[in-house]
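Please find below a colleague's note on the structure, arranged as numbered points.

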2 protein chains.
Amino acid sequence: MKPKVAIFGLGLVGGSLARALARRGYSLSGVDPSAAALAAARRSRAFALVTRSPERGLAGANIVVLAAPPRANLALLRRLARRARGAPRQRSRRLIVTDVSSVKRSICALAASLPGVDFVGGHPMAGRERSGFGASHASLFRGRPWILTPTGSRRARRVIRRIVLDAGARPVALSAAEHDRAMAFLSHLPQLVSWALLDAVRRDAVAGARLSLAGPAFVDMTRIAKSPRRLWREILGQNRDELKRALRAFRAALISPL
Amino acid sequence: MKPKVAIFGLGLVGGSLARALARRGYSLSGVDPSAAALAAARRSRAFALVTRSPERGLAGANIVVLAAPPRANLALLRRLARRARGAPRQRSRRLIVTDVSSVKRSICALAASLPGVDFVGGHPMAGRERSGFGASHASLFRGRPWILTPTGSRRARRVIRRIVLDAGARPVALSAAEHDRAMAFLSHLPQLVSWALLDAVRRDAVAGARLSLAGPAFVDMTRIAKSPRRLWREILGQNRDELKRALRAFRAALISPL
């Protein structure tokens, strides 16, 4: 039988995961503080239950997916651990928790300090510049890598791996440290670069007035500049040290062809 | 009657222009030093004549399009001007010449010093990461801006504008100075950035081993890193001062979100 999964955070990733798993017969509950997100989630018919209340969303769930912004995921993980302390389970029956945050060391370190949760860190390598449940679709993860940290119990890793496969993604094992280093170069640095390309043009009187002349390369390179800056500041802040390393490497590479 | 056009340089841009104009009934000659390019051009059936010899290619042509790399275009323009001196025409019958180089001040300044040619600078804002005649296609310029400098005689400007429209592009008037400033930001800087992103990843042991995890944003942002470096070094070298300005602006913008 499919496990019952509670998804916390009904944005692009949480919504897309729900749509994909609903098609595979999972029973899902969805939790989000936003009334608009809850209404959209309800209309999608992907969930058995949608609610603002974490407690109600958790009732009967075997697995929790934290799909809120990075800082909110940390707070939710602490809350789940407190609740587990209040209602102790056998070690083999701890609540299995995973997340989809773009930085892995911070949440994995926190989870390691919380005995009540059995945590496997996750990060689907899929996204788009639009955000919110309205942008979600069942095939967002199809064929994409989904990084999983080698943490938690064997049972938890097996269960989460199954969910990732059922979402259509390709599980890839990677330590939190390796993940954060690679993502600094492959995802976080490109985000800074995309903003900086567009900002540099906009601040130049001549080039800024000729933005409509930009070719497809410029358009492709600044597409993610539309991504939500607030969410990104959280991500970049949690990976500051690795991002600094990537920025140094990028700056050094930027001079060399001239 | 359509003018007879000689295209010097049968790469992506020269080839695509030939294919587009051939469909509109132009009589074309193609000139290139490469036997492979000449063979591909011959197979395309876009040309009345293809030849290694600039003299043969010019015979009977009213208009020359310089579509070789930037430095070769400068040399070809000097050669055309010398030839015009040898066979003087009336001022109103000077040879009309345009080019497709990505930098405009250098070739426009040279042309202004050569009384034998009636020169309109051009730059189609279209391209792709593949190069060579084999990558050319008739619709490369469709709907794209094609920058024309306000140089040359009124007759030359009218004739070249017609060619640009017949190629399916949208003529945009821009001074050489404005063009070079805007392109430094919109095209030349992005080229450096694309190389640097990929180089930074490749030089990092951890990220370099995980390049396969890159999401669509990274792939989009490094697509033009495949563009031919030798050609690009010529372009960047001719626009060095404006590129330095764009790099300064980019570096300043790169820090600000952190």
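1. Helices (H or I, at least four residues) and strands (E, at least two) are taken as DSSP runs and are numbered from the N terminus. The coordinates under discussion are those of a predicted model.

2. One cavity of 30 Å³ or more is present in the structure. The volume of the largest cavity is about 50 Å³.

3. Which element supplies the largest share of the lining of the largest cavity? That share, three residues, belongs to H6(B). In chain B, helix H6 (154-166), strand S5 (95-99) and strand S8 (145-148) each contribute at least two residues to this lining.

4. By name, the residues lining the largest cavity are B:Leu17, B:Val65, B:Thr98, B:Asp99, B:Trp146, B:Leu148, B:Ile160, B:Ile163 and B:Val164. By class, this lining comprises seven nonpolar residues, one polar and one charged.

5. Turning to the interface, the contact involves 57 residues of chain A and 55 residues of chain B. The size of an interface is often given as the accessible area lost when the parts come together. For chain B and chain A the buried area is about 5,000 Å², with 72% of it on carbon and sulfur atoms.

6. Six salt bridges are counted between chain B and chain A. A salt bridge joins the side chains of B:Arg181 and A:Asp204, at 2.8 Å from N to O. Seven residue pairs are in polar contact between chain B and chain A, both residues being at pLDDT 80 or more.

7. On the side of chain B that touches chain A, at least two residues each come from S8, helix H7 (176-203), helix H8 (205-208), helix H9 (216-221), helix H10 (229-238) and helix H11 (240-255). H7(B) gives the most to this side, with 18 residues. The residues on this side of chain B divide into 38 nonpolar, 13 charged and four polar.

Notes. Residues numbered from 1 in each chain as written. Chains lettered and ligands numbered in written order. Predicted model: local features only at pLDDT ≥ 70, side-chain atom pairs only at ≥ 80, totals over all residues. Heavy atoms only, no water. 1 Å grid on protein atoms, 1.4 Å probe; cavity = no way out; pocket = protein on both sides within 12 Å on 5 of 7 lines; lining within 4 Å. Points joined across faces, edges and corners; volume = space filled by probe spheres on them. Nonpolar A, V, L, I, M, F, W, Y, C, P; charged D, E, K, R; others polar. Contact = heavy atoms within 4.5 Å. Buried area = accessible area lost by both parts, 1.4 Å probe. Salt bridge = Lys/Arg side-chain N within 4 Å of Asp/Glu carboxyl O. Polar contact = N/O pair within 3.5 Å; in protein donor to acceptor, adjacent residues only side chain to side chain.
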